[in-house]
Amino acid sequence: MITWLTGSTADSNKDGRQQASLRLFGGLSKWTEAFSKDSKPAATLSSFWNRSDEVYELERRAIFSKVWLLVCHRIRLPNTGDYVSFEIAGFPFFLVKDREGKINAFHNVCRHRAFPIVTKESGNVPILGCRYHGWSYSHKGNLIKAPKFDEVPNFDKKTQSLFPIHVHVNEHGFVFVNFDSSPDPVSYEEHFKGIETQWVSFDETQFRYLWSWTLDGDFHWSTFMDGYQECYHCRVAHPGFAETLELETYTVSPGSNFAAHQVKSKEGVNLSTQSTSEDFSAGKPGKDITPSFTFVFPIGGITITSGIFYNIRCVPVGAHKTRLEFDIYGHKDVPEADIREAYKLFEQVQREDWDLCTKTQKNLNVGIYDRGFLHPQRESGVLFYQALIRDMATRHFEQEAEQGEKIFPAHPR
């Protein structure tokens, strides 16, 4: 029997760390027992994880404030002054390209009175201007102008730059951010050791950005990402998609905070365009493709074919709310109309997953279901993924219990 609440037994009251946990989490000091590494047989995390507001807030501190998060591809910001805004786990921010071609990231908040710096999803600006009191900033985040503040004694513009966010653009053009406010967060290379091998055949110069779309879901973010870790459900839940793949060849190979998904397409099937057999023999984009799916912990995914690639952001909005965001890119030699037609299959799969998660979350919220058995081979990706969540949250939880207070890595220091 899993014990979620500590109650007020004499034994627990003797333990200082448990007392600290009680103060921090309102009685949830033993919730980590539900994620024991030695659970046999292989089982899911407890459903409590997917419905608890306290656990979600811990995830924000333990995971989303500390790890590298996949955002988009640099193709989305081709020109000086281009910006794109996002919000992940309650942190609104934006990317902007400066005159030296560098992509910078900042929290979307003016240093004066906290109004957002950018209010549109994307655009191009010569300077970053706040529409509240007119404070303006360079693309590097430096304060350029604060109207009338030149007459204020001891006001120093150098101390009023935008709050920066760590950015890493890898050699294949994928953009990552890290909200940890320390000057030395975990390095990208250490966190994602070996991930670059996933895209050695990917040529970003052959693609252009086309469109983005979103789905809002009434489910916990990990409810959706659980399904991303396996194709055991594909034959039943995605019959159209399953008809295009040799499902018995589907493998998930865990790496350092990522997992490589590989599967063979059925002969004559093209997932990137609606090409004919003549197109294949002519060597047009889409010939003999093997789709590549890469899960990027905690909420990212990149799907690449020879004619289409897209990335997903499974954005936490709350303990029971998630926004699915998709950026679609197409090969320059394939007409956009063909790409949109071919992408319908991928969109169908995402909408089917959305429906699965919506119905699953309703049952998770009830509390009757707690844990389920996982297939050790066909659902190995789920075991890998949930272990990452459990371990990161547990380590942070223990640090907070030791200190007797919550730790917010993203807050300025």
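**Cysteines and a helix pair**

Mentor: Start with Cys231. This is a predicted model. Cys231 has 9% relative accessibility, so it counts as buried, the cut-off being under 20%.

Trainee: And Cys234, buried or exposed?

Mentor: Buried. Its relative accessible area is 3%.

Trainee: What do Cys231 and Cys234 form?

Mentor: A disulfide. Their sulfur atoms sit 1.9 Å apart. The link is left-handed, with -105° about the S-S bond.

Trainee: How many disulfides does the structure hold?

Mentor: One. Take Cys314: it is in no disulfide. The nearest cysteine sulfur belongs to Cys357, 7.8 Å away.

Trainee: Is Cys314 buried or exposed?

Mentor: Buried, with a relative accessible area of 0%. Cys357 is buried too, at 7% relative accessibility.

Trainee: New topic. At what angle do helix H5 and helix H10 pack?

Mentor: About 145°, with their axes 9 Å apart. H5 covers residues 221-228, and H10 covers residues 380-403. Their crossing is right-handed.

Trainee: Which residues make the contact?

Mentor: From H5, Trp221, Ser222, Met225 and Asp226. From H10, Val382, Tyr385, Gln386 and Ile389.

Trainee: How many of the residues in that contact of H5 with H10 are nonpolar, polar and charged?

Mentor: Five are nonpolar, two are polar and one is charged.

Technical notes. Residues numbered from 1 in each chain as written. Predicted model: local features only at pLDDT ≥ 70, side-chain atom pairs only at ≥ 80, totals over all residues. Heavy atoms only, no water. Disulfide = S-S within 2.5 Å. Buried < 20%, exposed > 50% of the residue type's maximum accessible area, 1.4 Å probe, protein only. Axes fitted to C-alpha atoms, helices over the stretch in contact; angles between N-to-C directions. Helix = DSSP H or I, 4+ residues; strand = E, 2+ residues; numbered from the N terminus. Left-handed = near helix turned anticlockwise from the far one by under 90°. Contact = heavy atoms within 4.5 Å. Nonpolar A, V, L, I, M, F, W, Y, C, P; charged D, E, K, R; others polar.
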